[in-house]
Amino acid sequence: MLLSVNVFVSLDGIMQGPGAPDEDRSGGFDRGGWLVPHASVHTNEVVEGWFREADAFLFGRTSYGLLGGYWPKVTAPGDLIATKLNTLPKYVVSKTLTDKDADWSPTTVLRTGIVDNVRRLKGLPGKELQVHGSWKLVQALHQAGLVDLYRLLQYPVVVGTGKRLFPDGSTSATFATSEGSARVLPGGVVSLTLTPTTLGVISAGAYTVDRGRSTPVAQ
């Protein structure tokens with residue numbers, strides 16, 4: 001399976017608490033729910049497209065609790081997202097969550113050897129092992145070079161503070177987009193699908209004047 005990270009981000013890269021004021025108040029965050037005024041049928045279609053590719057899910061402890069407290073209540077027939085989340089295998093990274101408390105079936109708790117466990121899961125048959133939210137886990141997966149695909153919905157709002165998808169100190173990386181994988185939705189939300197091309201190094205260059213023309217030169 002490919003490992004995909006699927007997240008909502010603001011213009012300044014914030015991914016904390018997009019769906020509700022009390023979703024994630026850690027660090028004194030008081031700006032939750034910033035996504036909701038920009039939600040639309042168009043963003044929902046994009047997110048449903050993400051979930052169509054899922055064959056399993058990988059969560060951090062906090063996101064597992066938040067999503068597990070919400071989606072089992074969504075029982076409307078034909079809800080693609082609820083069906084996927086409530087029926088497919090779920091893996092949660094936690095040293096404290098007990099098997100008894102991991103009752104969003106089917107769930108497996110991963111307590112140690114996270115990098116090796118994720119590599120093992122990626123070797124299983126299927127389309128995608130998907131990560132949603134799970135800020136701390138995403139950082140670890142990025143640092144280990146385990147992410148095959150990033151899907152972003154970037155909303156036209158500057159939150160100003162909070163957990164960023166790539167915070168200061170992140171391993172440098174470059175990405176590529178394929179034709180049709182980047183588009184602007186009605187309302188100004190940008191949908192991006194990014195494939196990592198390098199990790200730990202970025203290319204650089206400089207502009208120079210060549211025969212009277214400003215010219216970029218890669219180094």
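**Exercise 1. In this predicted model, classify Asp148 by accessibility and describe its salt bridge with Lys122.**

Solution. 
1. The relative accessibility of Asp148 is 25%. Buried means under 20% and exposed over 50%, so Asp148 counts as partly exposed.
2. The closest N and O atoms of Asp148 and Lys122 are 3.0 Å apart. The cut-off for a salt bridge is 4 Å, and the pair forms one.
3. Asp148 sits in the loop between H5 and E6, whereas Lys122 belongs to helix H4. The two residues are 26 residues apart, and the pair links distant parts of the chain.

**Exercise 2. Where in the chain do Asp24 and Lys163 lie, and is Asp24 buried or exposed?**

Solution. 
1. A salt bridge joins the side chains of Asp24 and Lys163, at 2.9 Å from N to O.
2. Asp24 is in the loop between E1 and H1. Lys163 is in the loop between strand E6 (149–155) and strand E7 (173–176). They are 139 residues apart.
3. With a relative accessible area of 15%, Asp24 is buried. Lys163, at 21% relative accessibility, counts as partly exposed.

**Exercise 3. Which parts of the chain does the salt bridge between Arg111 and Asp99 tie together?**

Solution. 
1. The closest N and O atoms of Arg111 and Asp99 are 3.2 Å apart.
2. Arg111 lies in the loop between strand E4 (107–110) and H4, and Asp99 in the loop between strand E3 (90–93) and E4. The pair therefore ties together parts that are 12 residues apart in sequence.
3. Arg111 counts as partly exposed at 32% relative accessibility, while Asp99, at 56%, counts as exposed.
4. For the whole model, the count comes to 10 salt bridges.

**Exercise 4. Describe the largest pocket by its volume and its lining.**

Solution. 
1. The volume of the largest pocket is about 1,300 Å³.
2. Its lining has 48 residues, and those nearest the pocket centre are Glu23, Ser63, Leu67, His132 and Gly133.
3. Elements giving two or more residues to this lining include strand E1 (2–10), helix H1 (41–52) and helix H5 (135–143). H1 supplies the largest share, six residues.
4. Sorted by class, the lining has 28 nonpolar, 13 polar and seven charged residues.

Note on methods
Residues numbered from 1 in each chain as written. Predicted model: local features only at pLDDT ≥ 70, side-chain atom pairs only at ≥ 80, totals over all residues. Heavy atoms only, no water. 1 Å grid on protein atoms, 1.4 Å probe; cavity = no way out; pocket = protein on both sides within 12 Å on 5 of 7 lines; lining within 4 Å. Points joined across faces, edges and corners; volume = space filled by probe spheres on them. Helix = DSSP H or I, 4+ residues; strand = E, 2+ residues; numbered from the N terminus. Nonpolar A, V, L, I, M, F, W, Y, C, P; charged D, E, K, R; others polar. Buried < 20%, exposed > 50% of the residue type's maximum accessible area, 1.4 Å probe, protein only.
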